[in-house]
Amino acid sequence: MATSSSDIGSRRLDLAGTRDFAVAGAGRSRRAALSAFNREWLAEVWAAATGGARLEGVALAAVGSLGRADAGPLSDYDLVLLHSERSMPAKDLTALADRVWYPIWDAGVRLDHSVRTVTQCRQVAASDLTAAVGLLDLAHLAGDADLVAAARSTVAHDWRGNARKRLPQLVEALGARHARQGDLAQSIEPELKESHGGLRDMTVLTALAEAWLADRPHGGVDAAHALLLDVRDAVHVVTGRGRDRLGREDHDAVAALLGHPDADDLLTAVSGAGRTIAYALDGTVRRAGQSQRARTLRVGPRRPQMTPLGHGLFASDGEVVLGSSRLAETDATMPLRAAVVAARAGLPIAPATLDNLAAGAPDLPTPWPANARDLLGDLLASGAGLVTVWEGLDQVGIVERWLPEWAAVRSRPQRSAVHRHTVDRHLVETVVRAAGLVRRTSRPDLLLAAALLHDIGKVRGAHDHSVTGAETTRGAATRWGFAPPDVEVLVTLVREHLTVIELATRRDHQDPATVDAAIAAVDGDREVLELLLALTEADASAAGALAWTDWRATLLEQLAVAVRARLDAPRPVTDPARPAASTGPTGHDGPVGGTAAGWHLDGDLVASVRAGEPDVRVVSGGGSHRLDILDLDRVGLFADTAGLLAAEGHTVRTAILRTVDGVAADEWHVESPSGAVPDPERIVRGLSRLARGDRTPLQTLDRRRAHHGRPSGESGLGSPGQARALVVPGASSEATVLEVRAQDRPGLLHELGAALARAGISVRSAHIATYAGQTLDTFYLTGADGRPLPPARVGQAVSLVIDTCDGITPA
């Protein structure tokens, strides 16, 4: 042999080392050179084993990385000695195999080997899913090339023919492997081959394409694959071993070999590559499933079922799709709307729709309009469904259009032992946890925005990420259109997001100085304190079990009790300079001048309303609509108006109700998922019919409510759990004031109003607001006598409201 067995390993390392790892494209040429070397040496082994004779019906073939020609410097050999049924006697075949395998073992190369006929290859592939996928890469090395081609084509034919049966098995095997090996993108010591997003998943992508179930993505996916191969090659060279895990101890050496400025830069690149491959695999598996279902159900041209979700969006075959790409070209908020709809439905956005949204939707103006900011809040409040949807948006660059600062933390590693995710994924996970805590505060939109931004300062070179992040937050929150006081609250939350947990775990709660420090962190603002406490819990629980233990939770609650007691104590002087969170998206908590904004209540108008003719005026702008409604006040008017608006397909964002001399002067702010502008004449007719006892205008609402289903009231990841109804003592001497926090849904206001009306409880006035998918409604309630409710009736009202919000029909 021209190359002795003893120096094969060193020759492969030397060959890899002659090629500059840091030069772009060097990996491809390095692996081509290694592949050529491996093939040449194995051909020499074969020639020696056969004595140079040309044997019919016998061949040496490769699978795995050797068969794909992407083997690393110290990758093992996975070889198959193929033979026809009558090529040679079994004894001679065994002797030939020994003459091939032993020189490879003597060379110190790890070897996985088998001896099979074409029929046996088919049988193994039929019974072993892993073997079936591996045999799709079968490549000729030496001997009878036609025999190898026949084996490969036969296995591929069987793979395509059995795709319907094998796909569920493949999906199950993927899930089991990913559960064992974890997510490559989120690991500080990534398993480059077997983890979710690793090299093995690229093999599966190719296998799915080979089954003709789905085309696999190229472009960015191929670049990500090449990057992981380069890293694996570098690990082989640095460690001198054929390892597939990038260990901590090898970070610096591998980073230097590949030309990265530091290990964090290397890990960021590896994580990004893993995310790209994982996202491509997940989407391709969905495509394959859709293709399989289409083959199964087809009895003519396939017509996919399209379930309307509003705003021109549909649920189709397990994904959210856009009815027409032109919708994205005219509506800058369409990416936000699509994301909200998808996350709430627990469905991914189809890749083609994401591409259309990224390419077609115009940029939002700066600052964002209120409806765009509300949609962002709704998206962040969507719970566990946010994770998959956000990843899709990030893959196509939409997230960076909303938040350019995201690029600096994208896929950035965290080396702290308490963290289990990269910086960007931790931010998303914190938002999911925060969505379950929104009812602890009156401003869930600020809590969720702070959760998304709290670690945005963890960028290269940041000395104190809290301080850096606070300044980044100021720019982002201003760009999103938050009111200046709200911007200052967000800046405070990000700057101080570690303060209370550090005080709770490192300082004496009984020491007044500890309480003073916590109060100083929130500038003495009780609401900011509650926001900070919720953010602290969300941050710690998202980080992992080490960061949020029962002990830490207890210490935080002890500190919170002490700080609340100090803040709630009477104070003779209030600092007028403290900027506070605004009372609502419109910046006020009552109508200008004590009546709805649309009228001056002149005598003729009042007379017309008293005669039973409601007056409705609509002012539209920025995708939302203000409805100024005058009607004769009556028990149930609130419920009827809310129900009518919901039946017309409008979503209530805010509402302010007032009664002036028996005339209800109400201001409602709504959005329409269908894009329709509220029709004042239809609303007048609907209100008139409802006042006469005709419930026909609400039939559409009943159908929509049945379609959306009822809430369960159960808690879960990202779920805030049971609704809350809180009595506000001393808020009014003329009515009982009830504050309600619950998950918003179509017709909820109607249900609340109707339940209260059936109990003989009047809604004297109401202040309705929706933040991030959560209602924050304040009702002023009176009995039939027009006076505040007695204690027993207060308890009844609280129970009615909670049961109604949680979908329990009151007895």
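Reader: Which residue lies over the face of Phe482?
Author: Arg373 does, at 5.6 Å from the ring centre. A charge sits over a ring if NZ of Lys or CZ of Arg is within 6 Å of the ring centre and within 35 degrees of the ring normal. The model is predicted, so local features need pLDDT of at least 70 and side-chain atom pairs pLDDT 80 or more, while totals for chains, interfaces and linings use all residues. Residues are numbered from 1 along each chain as its sequence is written, and side-chain values use heavy atoms, without hydrogens and water.
Reader: What sits over the ring of Trp212?
Author: The charged end of Arg160, 4.2 Å from the ring centre.
Reader: Turning to ring pairs, how many aromatic pairs are there?
Author: Seven. Rings of Phe, Tyr and Trp (its six-membered ring) pair if their centres lie within 6.5 Å; planes under 30 degrees apart are stacked, over 60 edge-to-face, and the rest tilted. One of the pairs is Trp390 with Trp406, edge-to-face at 5.5 Å centre to centre and 65° between the planes.
Reader: Why does that pair tie separate parts together?
Author: Trp390 lies in helix α17 (residues 386–395) and Trp406 in the loop between α18 (398–402) and α19 (423–435), so the pair joins parts 16 residues apart in sequence. Helices (H or I, at least four residues) and strands (E, at least two) are DSSP runs, numbered from the N terminus.
Reader: Is Trp406 buried or exposed?
Author: Trp406 is buried, with a relative accessible area of 1%. Buried means under 20% relative accessible area, exposed over 50%, and partly exposed in between (1.4 Å probe, protein chains only).
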